[in-house]
Amino acid sequence: MYSIDQLELEHENINRVNDVIQAISLKILHGEEVPVEDLRKMVEFIRDYGDAYHHGKEEEILFSYMLEHLGPVAEKLVRSGMYVEHDQGRALVLDLEAALNEYETNPTEEGKLEIMTNALGYRRQLRSHIDKENDVVYPFAVKNLPAEVLEKVEEETRVFNDKNTEVREKYTALLEELEKKYDLK
Ligand SMILES: [Fe+2]
Ligand SMILES: [Fe+2]
């Protein structure tokens with residue numbers, strides 16, 4: 001399905017950013033300067049692409065149809081599961097940003113640990129969230145949503161994606177720039 005393929009492709013891109021987070025953390029661990037500007041670019045990627053674009057699309061389209069049509073299982077899987085995890089991701093990014101702000105005014109070793117803890121915490125949280133969606137939530141939706149609802153998911157996904165071409169292009173370019181810079185390509 002186009003809509004699910006697109007969501008899974010976005011997961012791959014988010015995990016590519018997670019790999020950059022790991023590469024940056026290793027450099028900090030080995031004594032290199034904290035690349036504050038690059039980490040701020042990653043915060044922007046996570047917020048605009050990972051959250052507003054990707055989570056926004058999940059919440060607006062697929063998950064909202066699951067809640068409408070799939071009863072208590074969807075309540076548990078989506079509202080008490082995926083929505084809560086989206087909020088946890090948002091909180092980790094907020095903490096990462098606060099750690100970057102603090103480090104800029106007061107660059108200490110403890111500050112480096114705060115940055116790494118929050119960046120790696122986000123990475124761990126998102127990787128597990130993505131695995132659950134790929135392995136459980138999306139297959140459950142495809143198997144159980146009525147065909148006419150899946151058709152609506154497809155159509156609305158196309159409209160959403162067409163409206164957001166600029167976001168996609170901007171952040172794909174940023175991702176490639178960071179991968180090159182941190183020798184991941
Ligand atoms: Fe999600
Ligand atoms: Fe997702």
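Helices in this tour are DSSP runs of H or I of at least four residues, numbered from the N terminus, and the model in your viewer is a predicted one.

**The whole chain**

Turned along its principal axes, the C-alpha trace spans about 55 × 30 × 25 Å. The radius of gyration is 18 Å, which agrees with the value near 16 Å that a compact globule of 185 residues would have. If you colour by burial, buried residues make up 28% of the 185 residues. Among contacts between residues at least 6 apart in sequence, 81% join residues at least 24 apart.

**Tyr-53 on helix H2**

Select residues 36–69 next, which form helix H2, and pick out Tyr-53 within this helix. Once neighbours within four places in sequence are left aside, the contacts of Tyr-53 are Asp-48, Asn-164 and Val-167. For a sense of scale, draw a distance from Tyr-53 to Asp-183: the two are 130 residues apart in sequence, and their C-alpha atoms are 27 Å apart in space.

**Helix H3 and its cover**

Move on to helix H3, residues 71–105, and draw a line between its end C-alpha atoms, which are 50 Å apart; this agrees with the 51 Å that its 35 residues should span at 1.5 Å a residue. Show side chains for the buried residues of H3, among them Leu-77, Met-82, Gly-89, Leu-92, Leu-96 and Leu-100. With these displayed, bring back H2 and H4, which are included in what covers the buried residues of H3.

Now select Val-17, Met-42, Phe-45, Leu-96 and Tyr-122, which touch the most other members of the largest nonpolar core, a set of 23 residues. Which helices each supply at least two residues of this core? They are H1 (2–29), H2, H3, H4 (109–144) and H6 (165–181). Centre the view on Val-17, and, apart from neighbours within four places in sequence, you will find this residue in contact with Met-42, Phe-45, Ile-46 and Leu-175.

Finish at a second, separate core of 13 residues, where Tyr-65, Val-137, Ala-141 and Leu-145 are included and can be selected together.

Terms used: Residues numbered from 1 in each chain as written. Chains lettered and ligands numbered in written order. Predicted model: local features only at pLDDT ≥ 70, side-chain atom pairs only at ≥ 80, totals over all residues. Contact = placed C-beta atoms within 7 Å. Core = buried A, V, L, I, M, F, W, Y, C linked by C-beta atoms within 7 Å. Buried ≥ 20, exposed ≤ 12 C-beta atoms within 10 Å, placed from the backbone. Rg over C-alpha atoms; globule rule 2.2 N^0.38 Å. Expected span 1.5 Å × (residues − 1).
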